[in-house]
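Student: Could we go through the charged and polar side chains in this one together? I would like to take it residue by residue.

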Amino acid sequence: GDTPLSGRLTLALRSLGWARVLAPEFDRIDGALTAQIEAGGSIAAPRLTGKLDGERIALRAIGPGVDLRDGRLRASLDGNRLMLNAFDIRAGRGRITASGNADLDGGLQRLELEARAESAQILLAPQWNATVSGSGKLGLRDRRIAINGRFVLDEGRYDLGNQTRPELGDDVIIRPAAGKPAERASTLPAQLDVSIDLNNRLALRGNGLDALLGGT
């Protein structure tokens with residue numbers, strides 16, 4: 001366990017397409033990643049230092065309408081501390097930027113992440129679109145997640161459609177299939193405090209309605 005550890009790792013990935021295995025909800029994950037890591041300390045208590053750089057990062061999910069492109073990542077590793085020095089990615093005509101740090105001693109023990117949206121198009125699909133500005137924070141400490149943020153809608157649209165949804169007749173009775181109750185998945189306690197100012201910019205259209213929705 002006290003055996004000294006020494007070495008250097010250089011990694012160059014021309015494509016991040018393999019990451020779709022970890023996030024199948026995305027239709028496309030791409031980009032390039034390079035890493036230069038030096039190992040020190042001992043086998044029992046390793047110490048890793050180095051840097052990670054990412055270029056041309058792209059994330060796309062056709063269903064909800066997520067399409068982020070031309071991302072850039074700058075991160076560094078110092079012992080058990082990972083620092084996200086800079087991250088920015090294009091979202092429509094705007095951008096999303098982020099920075100933060102994480103403690104990796106014995107797993108992900110603590111995380112602090114700050115993000116800012118500047119006229120960022122976070123949704124773009126035939127039925128809806130949304131462009132927002134604002135900032136938020138995500139924190140993980142003592143196995144509890146806290147998320148807070150304040151955002152303003154710059155532009156938004158939701159299409160209600162023009163057809164009335166079909167309904168079942170009064171003589172149709174639906175009984176749930178008998179079976180074992182589903183087991184609850186283990187989750188982390190979360191505290192959520194997020195506001196979105198609609199800014200009188202959310203357009204609702206369809207079924208004879210053409211309106212702007214406001215409020216927070």
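**A strand residue and the salt bridges**

Tutor: Let us start with asparagine 101, which is found in strand E6, a strand covering residues 94–103. Please keep in mind throughout that this is a predicted model.

Student: Is asparagine 101 buried or exposed?

Tutor: Asparagine 101 is buried, since its relative accessible area is 16%, and the cut-off for buried is under 20%.

Student: And which side chain does asparagine 101 make a polar contact with?

Tutor: The side chain of asparagine 101 is joined to that of arginine 81 by a polar contact of 3.4 Å.

Student: What else is asparagine 101 in contact with, leaving aside its neighbours within four places in sequence?

Tutor: With those neighbours left aside, asparagine 101 is in contact with Arg81, Leu82, Met83 and Leu84, and also with Arg110, Leu111 and Glu112.

Student: Switching to salt bridges, how many does a search of the whole structure find?

Tutor: The search finds 16 salt bridges over the whole structure. One of them is between the side chains of aspartate 193 and arginine 150, at 3.3 Å from N to O.

Student: Where do aspartate 193 and arginine 150 lie?

Tutor: Aspartate 193 lies in strand E10 (residues 190–197), while arginine 150 lies in strand E9 (residues 144–161), so the pair ties together parts that are 43 residues apart in sequence. Both are partly exposed, aspartate 193 with a relative accessible area of 40% and arginine 150 with 46%.

Student: What about arginine 205, which partner does that one meet in a salt bridge?

Tutor: The side chain of arginine 205 meets that of aspartate 210, with an N to O distance of 3.5 Å. Arginine 205 counts as partly exposed at 40% relative accessibility, whereas aspartate 210, at 61%, counts as exposed.

Student: One more pair, then: what do aspartate 30 and arginine 28 do?

Tutor: Their side chains meet in a salt bridge as well, at 3.6 Å from N to O. Aspartate 30 is partly exposed, with a relative accessible area of 24%, and arginine 28 is also partly exposed, with 34%.

Student: Why can side chains pair like that in general?

Tutor: Side chains that carry opposite charge can pair when their charged atoms come close.

Notes: Residues numbered from 1 in each chain as written. Predicted model: local features only at pLDDT ≥ 70, side-chain atom pairs only at ≥ 80, totals over all residues. Heavy atoms only, no water. Salt bridge = Lys/Arg side-chain N within 4 Å of Asp/Glu carboxyl O. Buried < 20%, exposed > 50% of the residue type's maximum accessible area, 1.4 Å probe, protein only. Helix = DSSP H or I, 4+ residues; strand = E, 2+ residues; numbered from the N terminus. Polar contact = N/O pair within 3.5 Å; in protein donor to acceptor, adjacent residues only side chain to side chain. Contact = heavy atoms within 4.5 Å.
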